[in-house]
Amino acid sequence: MPESISKKVQVFDGAMGTVLTADPEVNSFLPEELNLLFPEKILAIHRAYVEAGAQFITTNTFSANPIKLNSSRFSLHQVLDAAIMLARQAAGESSCKIMLNMGPTGKLLEPLGELSFEETYENYKTVVEYTKDKVDGYVLETFSDLYEIRAAILAVKENSALPLMATMTFDTSGRTLTGSSPEIVALTLSALGVDVPGINCSTSPEYLIPLVKRMRAFTHLPLLVQPNKGFPILCRGSVSYAMSDEDFVYYTGKLIDAGASIVGGCCGTTPATIALMAKYKSLPLKEYAPVADNYICSSTRLLKLQQGLVCGERLNPTGKKTLQQALLYSDFGYLQQEALSQQEAGAHFLDLNVGVPNADEVDLLCRATKKVQEICDLPLQLDSSNPEAIGAALRVYNGVPVINSINGSGPVLKALLPLLAKYGASAVALTLDEQGIPETVEGRLRIAKRIIARAAARGINKNRLIFDALVMAVSSNQSYGLLTLETLRSLKKMGVLTTIGLSNVSFGLPDRPLLNRSFLLMALTSGLDIPILNPLDKENMQSLRAFNALSGADPACENYISYRSISPVQEQSDSLYQVVLSGLKESLPQAMNTILKEKEPQQIINEDLIPALDEVGLRFEKKLVFLPQLIRSAEVARQAFQHLGEMYVQKTDKSQGLVVLATVKGDIHDIGKNIVKVVLESHGYRVLDLGKNVDTEKVLEAYRTHRPLAIGLSALMTTTVPSMSRTVEALKALNAECPVIVGGAVLTGSLAREMGADYYAADALTAIRILEEL
Amino acid sequence: MCVPASLLRHNALTYLGYSDSDPDEQTLVTLHSALSHIAEWSAYKQHYSYLKDLSEAPAFLQQESYRSLQGKLDTALLFAATLGLDIDRRIQSLSLSRLSEAVVLNAVANVYLEARKEMFIKEIMPGGVLFCPGYAGTSPQDNRSVLNLLDAKKHLGIYLKDSGLMMPEKSMAGIVVANYSFSCRACSIRSKCDYLRQAKTCYGKPAPERKESRSAKRDNTKA
C-alpha cells in the first residue's frame, strides 16, 4: 500500500450498480455479465469516475465468484478478464489504482447457515489465484458477517501479496447484521493484516460518523469509508436517494474529521458525487495515536486483557471421563454446557483444551472451537501443545483469541510466533524452555525477556503476552510457592501481564481447595493479573471479587456490589420427591444431601425420582402443569441422576440404554429436540445428541458405532420433512435394528407412517412411553 | 411505540398452553423477566414495499393457490420483519443451560414479533392481515420471492436457507392485504389438510366441518 495513504486523504470511486440500474437497456442483466454484453457502458462509468478524480477504481466484479456466478452464461474467467480489462482501459496511463471488487457470497456460514468456512475460503481463493497478477489490490466490501469476511481475508492474504482493503456494513444500531461492533471489526480486520479496514454501504453518512470514531480507536491503519447517499426510496419500480451531492460531500468532510483516510461512495453516488468530493484529495491527515493492542474478542464480545479477569479452566478433559467420552463421540453438548456455566459464574474468557488420547486433536480443536463459539460469546484461549492444532483452531476462530501457550524454547517460538503474527492473537507465555523450568526467579525472567525480544522481532508487542510464572507442587518442595510469588513480583516490574494455573500448588496435599484459595490471595497480592481457575468454585470467585474491590481493580467496587446485591437463594428443606415435582433446582443439593443419608442410590431412583417424574407426567397429560414446569422437573431430575451417577450408579451400570437424537439436515430448530433430551436423561437414558442440521451419514455412523436402543429424529418445518424422510430411508436400507422415532411440530402419525418411521412421538413423554415398551 | 405488556403476557401464556389455567410462580417469574427484556434483547426491524411500487407484479402471485388474494393486490404490500440474531442466540444458549426458561423466552419472542407486526398493520392498513407463503396451500418457497423483492438480506439481514428456513429464526415475510378473511372453503389443499383432519385450521379458528374432524386423531403409537 502506498505510504501516501497514511499521509493524505485519498478518493475512491462511487457506485456502479446505481448508474447501471438507471439504464433501462441493461438493468435486467446480471451486473457482472455487462462486462461482456455491454463493455462500452462499463468502460464509460469507469472513465467518468477517473475523470471525476477517483484515485482508485473498483472492477465490476462484486458477485464474480464461483458461488454467485454459477448460473451465468459466462465463465468466471471470462467475467474477471473482461472486468479487469475495462478498468485498466479506463485508468489508462493515470496513476489510478485498479482494485478487484469482491462482495459476499449471499449465503450464511455455519453454524447459522449451510456454507462451511473452508468452502467460503475456496470460493475467494479461486478468484484471487486467477487475478493476482492482473490488478493493483483487492477490496472486499458490503460484508455483514465477520466470519465470512475472515474467510475472504485469509483467501487474499494467503494467496497474494497485494494490498487488501476490507469493509463491512453496519445497521442503524451500529452493529453488523451478525452483531459485531465497529471496535470488534476494526480489531479483527487489523489483526488479520488487512491494509485498510473500513465501512461501506450501511446507512446514511451522518450515521457513520460515530462508527468511524469507534473504529479509529481500535486501529492505526488508514480507514476506507464509502457510505450510501442517504436512505433509498422505492417508487414505481425505481429507487432514488433523497440526499443531495452537496450534503453528501459535507458529511464526507465530517467523516474525514472523524478518522476516515480514504473516502468514496456506495449506493446512490455517481461520478458527479465523486467530482465534488475530489476537493478533499491530498488534504493532510492527522497523525493517529497508537491504539491499545491488548484486546481480544469473539464476534460479539470485546475484552481488554488486564488485571481482574478470570480465565475459566473447565473446558479441559484432563481427569474428566465424561468430557473425554463426549469429545470422542463428537457430542459437544456437554462442552457447551460447561462453557455456559462458566460464563454464568463470571469467567471473562475460557481456556479450551481437547487433548484426549486417540483423538485427532487438530480436527477436534477446530470443531470444539466452532461449537463453543456457536453458543457462548466469551473469547477463547485455544490450548494445545500441538502447534498444528493451534494453527487450525486460530484459522476457524471468529474474532481474536489467546493461545495457550508459547515458551522460551527455540522450536516452539519458531512454530508459534508466526501464527501469533498472522492472526493477531495474544498468548500465554510460559517461563520455561528446552532446559525445563528454572528453579530461580532470574532464570524465569531471562526466558521472559527472550520471549519478549523474539516476539518484538515479529512485530508482536509484549502487551499481547500474558506471562505464566509457573506453579509447582509445594508438596515436592516447599520453596516452590514462594518462588512463584517472587517471579510474579519481578514480572510485574517488567510491565507485563501475569497468569498462573492455580491448582498445581496443592497437588499431593489434603484439603486442596483451602490451599488453592489461600495461594490465590497470596498470588494476587504479588502481582497475579489473570488467574486460570475453576469459576464454579464459589469461594475462589468470592475471594477474587473481594480482592479486586479492595485493590482498585474493580472501579467503584461495581462488580463486587452487584454480585453481593443478588440475594442468596433461600434453600428450602423439601423432600427430593417434592423438589423434583416442583422443579426446585436451588433446593436440590440439600435434598440430595438429606436423602443420601437415608437411602441407597438405587432406592432413591425407584422410590423418589421415578415416582416424582411419573406424577409430573400425569399432571402434564391432565393439563395441570405445562411445558415450562415439565421441563423444570426434568432438569432437576436429570441433575439428580447425574449426581447419583457420579457417585455410584456408574459402577452398577443402571443406565436405561443409549438413545441417539438429531434434528435433521436443513433444520436448525432444536428446542423440541432439547426438551426430549432432558426428559430422556431425567428418566435415566443416556443420550448421544448429534445436534441440529445433521447429515444422514452422521446418523448412520452413530448407528453403526453405538447400536443404540432407539434413534430419535426431529424436524420443525414442512420443508425439512423430506430430509427426515431420507434419513429414515437410509436407516431402513441399512437394516437398522433399532426403532426410529420421529417428532416435531409439523409431523403427524400418518406422515411418520408414510416415511417409514417406526414410531411417532407427539411429545417427550410419549417418547418415554415408547422406549419403555421396547 | 410499545406493545401492551398485558397483551404479550396473555398471548405468551396461551402459546405455552395456559389458556385456561394459572401458571406456577416460577413460570410467572421467568415470564415476567422475559417480558421485561424482550424489547431490549431483540432488535425488531421491518421493511415493506407496496406492490404498486415494484417495477412489475411478482410472478408467484399469479399462481392458482393465491387466487383468494386476487382483487386485493392493488393496495397490498410486501412485508418482512425480524427480531434479529441476538434473540436466537439467547434462546439457543438458554436451551442448553436452563431449558424451561428457553421455552418461555421462545414463546415471548414469537408473540412479540407477532404483536409488532400487528401494530404495523394497524397503523398502515387498519383491518389488514398478513398472508404468508405456506398458508392455504401456497408454497413456503415463495418466501424467497418476497424476501428477494424486498432485498430483505440487505435491509433486515434475513437469509433464506436452501431448506426454506429463514434466518434469523424469529422472522416473518408475506403480503399484507386488506379485507381478507381466512377460510377453508377456498383453500386448494382442503382435501388433504392435516389441520382439518385434526379439527383445526391453520388460522387458529375452529374447523368449519365436523365430519372431516372426526377422522383426525393424533397417532401417538406405532406409526
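Domain bounds, as used here, come from an automatic or database domain assignment. For chain B of this predicted model, that assignment gives domain 1 (5-181) and domain 2 (188-223), and the C-alpha centres of domain 1 of chain B and domain 2 of chain B lie 24 Å apart. Residues are numbered from 1 along each chain as its sequence is written, while chains are lettered from A and ligands numbered from 1 in the order in which they are written. Because the model is predicted, local features need pLDDT of at least 70 and side-chain atom pairs count only at pLDDT 80 or more, whereas totals for chains, interfaces and linings use all residues.

Where chain B meets chain A, 44 residues of chain B are in contact with 55 residues of chain A, two residues being in contact if their C-beta atoms, placed from the backbone, lie within 7 Å. On the chain B side, helix 2 (25-41), helix 3 (85-97) and helix 4 (99-124) are the elements that give two or more residues, and helix 3 of chain B supplies the largest share, 7 residues; helices here are DSSP runs (H or I, at least four residues) and strands likewise (E, at least two), numbered from the N terminus.

A:Met717 sits in the loop between strand 23 (710-714) and helix 27 (721-733) of chain A. A:Met717 counts as buried because it has 20 C-beta neighbours inside 10 Å, the cut-off for a buried residue being 20 or more other C-beta atoms within 10 Å of its own, with C-beta atoms placed from the backbone. Leaving aside residues up to four places away in sequence, A:Met717 touches A:Asp667, A:Val746, B:Gly164 and B:Leu165.

Note on methods: A residue is buried if 20 or more other C-beta atoms lie within 10 Å of its own, exposed if 12 or fewer, and partly exposed in between; C-beta atoms are placed from the backbone.
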